[in-house]
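Here's a quick briefing to read with the model open beside you. It goes from the chain contact to the domains, then to the sheets and a helix pair.

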Amino acid sequence: MSDLRKSLVLHGGVLVLLFGLQFVLPAYHHGVVARVMVMASYAIGYNVLFGYTGLLSLGHAMFFAAGMYGMGLTVGVLGTAPALAFGVVAGALLAAVVGALALRTAGVAFMIVTLMFAQAGYLTILYFGTYTRGDEGFVIPQAQRVLGAVDLSDPANRYFAALALFALCLMVSLRLVHTSFGRVLIAIRENEERARMLGYNVFARKWAAVVISGTLSAAAGAFYGLLFGYAGASFAGVQYSIFPLLWVLLGGAGTVLGPLVGTLFMFYLIDLSSGVTSAYMLIAGVALVLLTLFAQQGLMGEVRARVWRWLP
Amino acid sequence: MTDRMTSTPTRRGAIKTLGAGAAAASLPLWARYAQAQTSAPVKVGFQVHSTGIGAAYGRWYDRTTQAAVAKINAEGGINGRMLEIVAEDDGTDPKRGAEVLEKFANQHGCDVGFGTLFSHVVIGSAPRAGELKLPYFVVSEGHHVASGMLNRYTLQPGITDVKSQVQAMAPYVAKTLGKKVTMIFPDFAFGHDHRDYFTAAMDAQGGEVLAQIAIPPTETSFTKYFPKIPRDTEVLYHVMVGPAVLTFVKELGEFFGPSRPEIFGFIDSLEAVDIASPGLEFLEGTYFWEGNPRYAQADQTEYDKAYRAAVGVDDNGASVSDPKDISTYAHMFGCWETLHVIKAGMEAAGYAGPGDRAALIEAVEAMTEMPHSFEHPQGAKVFNGKTHQVFGHQYISRVEAGRLNVVHKTSIKDTLYSDEVDYTTQSF
């Protein structure tokens with residue numbers, strides 16, 4: 001079996017597994033997996049930039065929030081589907097502008113500039129509190145969470161919608177790494193100067209990576225607001241820029257399945273340890289330290305290094 | 001000769017007899033099951049801010065909740081069933097808050113959710129409460145419930161909201177302190193609520209807000225904002241929150257020196273902070289809103305005395321075990337009172353299990369008068385079933401010799417405003 005075929009079987013199998021899980025999962029875990037799929041889509045977006053292009057952003061919450069607010073602020077006027085599209089486009093446009101400016105820097109400066117842009121975005125949400133309700137955020141009424149005839153507040157529909165988003169993001173990510181464009185991104189990650197010397201327009205490709213990454217992140221934000229009925233400024237805060245970095249590092253940067261594994265692992269690590277002790281963040285911290293020490297490439301990265309070397 | 005009544009056994013009759021016999025034989029098992037059903041504890045999911053920005057409040061909300069549960073259980077529980085708290089940390093985060101509610105409803109099998117303070121966590125969680133059909137009793141003081149933003153499953157029967165608190169301050173401020181006010185507030189939703197409601201309320205009192213100075217939430221020094229305060233300001237209204245409040249007060253003192261306008265603030269700024277802390281000397285002689293007076297007053301009621309003792313708070317508003325551990329006394333009574341409302345609602349509804357959740361909400365919606373009592377130690381209240389919001393007295397205290405002395409208690413009427421929603425028209 002070729003590596004491509006193995007990859008398609010594995011990733012297709014994961015999607016089939018996620019589809020089947022909804023019929024057997026208890027109610028609580030059913031809801032958890034739906035939410036994890038949305039957040040994993042956000043992490044997939046982050047992984048395109050960090051895992052495959054080697055650009056560490058500390059400001060991705062602005063793209064997630066752009067999708068969430070782009071959808072949330074317009075859903076009452078435009079209707080559900082156009083508002084969803086508006087959220088995604090808002091994130092894409094923001095990513096295009098921020099990418100064009102932030103990519104004038106590199107390394108630590110890129111991290112700081114993206115962080116500053118995100119902070120400016122967060123403060124903008126607070127400043128226009130009349131419309132955004134600032135830090136409190138606002139509820140997206142159930143009547144506006146109906147796509148066609150599908151009520152997205154229904155648990156089964158929500159799961160399907162989350163799965164559809166995740167499947168789309170996973171396929172985009174998988175397709176990306178098998179295209180020449182994706183291979184150039186990896187070349188940039190490995191040695192930017194060599195890629196430039198070979199004649200590639202490095203800036204244009206990095207900019208495109210920022211736009212793709214921001215668009216996927218915005219789609220996750222728009223879906224989160226729609227599926228869970230809330231848009232709030234906390235999702236634009238710095239911790240929501242750190243989360244996808246953590247999830248991707250844990251799951252395996254530069255692996256297609258890493259974002260899902262990392263998001264799922266992190267959620268259950270906190271959820272289960274909080275049932276054992278009130279110092280659950282300590283347990284989470286120790287687990288992260290251990291993973292950093294003994295699985296430096298993340299969980300799926302280790303799988304690739306030790307078992308499935310063909311893993312994209 | 002006598003006629004003997006005879007009957008021929010039928011198959012249906014035989015099955016009935018066997019069924020009855022089997023039921024009778026297993027009666028002790030039945031009884032045990034029925035007993036287990038009725039004596040199972042009422043589970044209250046407590047969404048507590050143990051970590052994150054709300055941790056100081058969360059600690060005291062937790063202590064108050066545990067004290068109220070101990071009292072309710074000592075008095076026989078609810079409908080003969082003990083009350084059990086299932087606490088989950090929400091990290092003061094709306095996403096985690098929604099997850100915690102799912103955990104309560106789908107994993108722990110809680111009867112109700114309860115206890116959330118920070119508005120963004122309430123607003124982020126409430127849609128899930130409605131979808132999970134989990135009665136969600138918040139202790140937030142936000143106007144989000146009465147504004148109509150939320151849903152029929154979300155109620156706030158144990159603490160008044162910011163709109164009623166703020167508007168009730170205006171008559172005293174206008175009549176006693178001055179009519180020309182400058183407001184300093186944090187530039188986010190909490191501050192905007194104060195800005196909007198107080199400005200309107202002062203207008204209604206014939207007063208005037210001369211300037212509204214919004215402070216960005218990331219600000220750490222405030223000196224540059226003070227020159228914006230108009231010179232003819234008679235009252236400075238402040239509602240800063242967070243760790244920067246100590247710097248704010250210190251710099252305010254340096255700016256004004258001995259000649260200052262009257263100063264009125266919301267104790268939210270200084271909840272869990274000792275008024276006698278170094279750097280807060282400038283607050284001497286200034287006024288504060290208090291939801292419940294932190295210091296035991298000369299006319300302390302037996303209700304406050306019992307409540308204070310049960311929670312473990314001394315006459316200065318600090319923990320009886322650590323005088324430096326200052327309580328969030330102006331807000332935490334809401335947990336105590338809300339749990340008593342849940343108890344009263346469940347008893348009125350004959351609550352037996354999650355199937356009676358709608359009946360519980362209807363029973364609470366039917367409540368009106370809540371007299372000053374051991375169950376409501378902060379004061380009498382009036383519940384509005386349509387807006388799911390309670391209304392009650394507010395206190396204004398003056399800092400005198402490093403302690404807060406109550407100088408005014410508002411009427412409940414001062415806190416009322418027109419209904420903005422009728423949740424009872426929403427279906428379950």
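What follows is a short tour, grouped by topic.

This is a predicted model, so keep the cut-offs in mind: local features need pLDDT of at least 70, side-chain atom pairs count only at pLDDT 80 or more, and totals for chains, interfaces and linings use all residues. Residues are numbered from 1 along each chain as its sequence is written, while chains are lettered from A and ligands numbered from 1 in the order in which they are written.

**Where the chains meet**
- Chain A puts 23 residues in contact with 28 residues of chain B (contact means C-beta atoms, placed from the backbone, within 7 Å).
- On the chain A side, the elements giving two or more residues are helix 2 (27–50), helix 6 (108–127) and strand 1 (138–139); helices (H or I, at least four residues) and strands (E, at least two) are DSSP runs, numbered from the N terminus.
- That side of chain A splits into ten nonpolar, ten polar and three charged residues. Here Ala, Val, Leu, Ile, Met, Phe, Trp, Tyr, Cys and Pro count as nonpolar, Asp, Glu, Lys and Arg as charged, and the others, Gly among them, as polar.

**Domains of chain B**
- Chain B is assigned domain 1 (40–160 + 331–387) and domain 2 (163–290 + 396–407), with bounds from an automatic or database domain assignment.
- The C-alpha centres of the two domains of chain B sit 31 Å apart.
- Between them, six residues of domain 1 of chain B touch seven residues of domain 2 of chain B. The domain 1 side of this contact has two nonpolar, four polar and no charged residues.

**The parallel sheet of chain B**
- Five strands of chain B make an open sheet in the order 2-1-3-4-5, with parallel pairing (strands pair if DSSP finds at least two bridges between them).
- Strand 2 (83–89) and strand 5 (154–155) of chain B are the edge strands; each has a single partner strand, so one side of each lacks a neighbour in the sheet.
- Strand 1 (42–48) and strand 3 (112–114) of chain B pair over three bridges, and B:Phe46 stands opposite B:Phe114 in strand 3.
- Helix 4 (94–108) of chain B packs on this sheet, touching strands 1, 2 and 3, and its direction makes about 165° with that of strand 1. Axes are lines fitted to C-alpha atoms, for helices over the stretch in contact, and angles run from 0 to 180 degrees between N-to-C directions.

**A helix pair in chain B**
- The axes of helix 6 (162–177) and helix 7 (189–204) of chain B come within 8 Å and cross at roughly 40°.
- The contact of these two chain B helices involves ten nonpolar, two polar and two charged residues. Among them are B:Val166 and B:Ala170 of helix 6, and B:Tyr197 and B:Phe198 of helix 7.

**The antiparallel sheet of chain B**
- Three strands of chain B form an open sheet in the order 13-14-15, paired antiparallel.
- Strand 13 (369–370) and strand 15 (389–392) of chain B are at the edges, each with a single partner strand, so one side of each has no neighbour in the sheet.
- Strands 13 and 14 of chain B share two bridges, and B:Glu369 has B:Val382 in strand 14 as its bridge partner.
- Strand 14 (381–384) and strand 15 of chain B pair over four bridges. Within strand 15, B:Gly392 partners B:Lys381, and B:Gln389 partners B:Asn384.
- Strands 14 and 15 of chain B form a hairpin with four residues between them, and B:His388 in the turn has a positive phi of about 65°.

Methods:
Contact = placed C-beta atoms within 7 Å.
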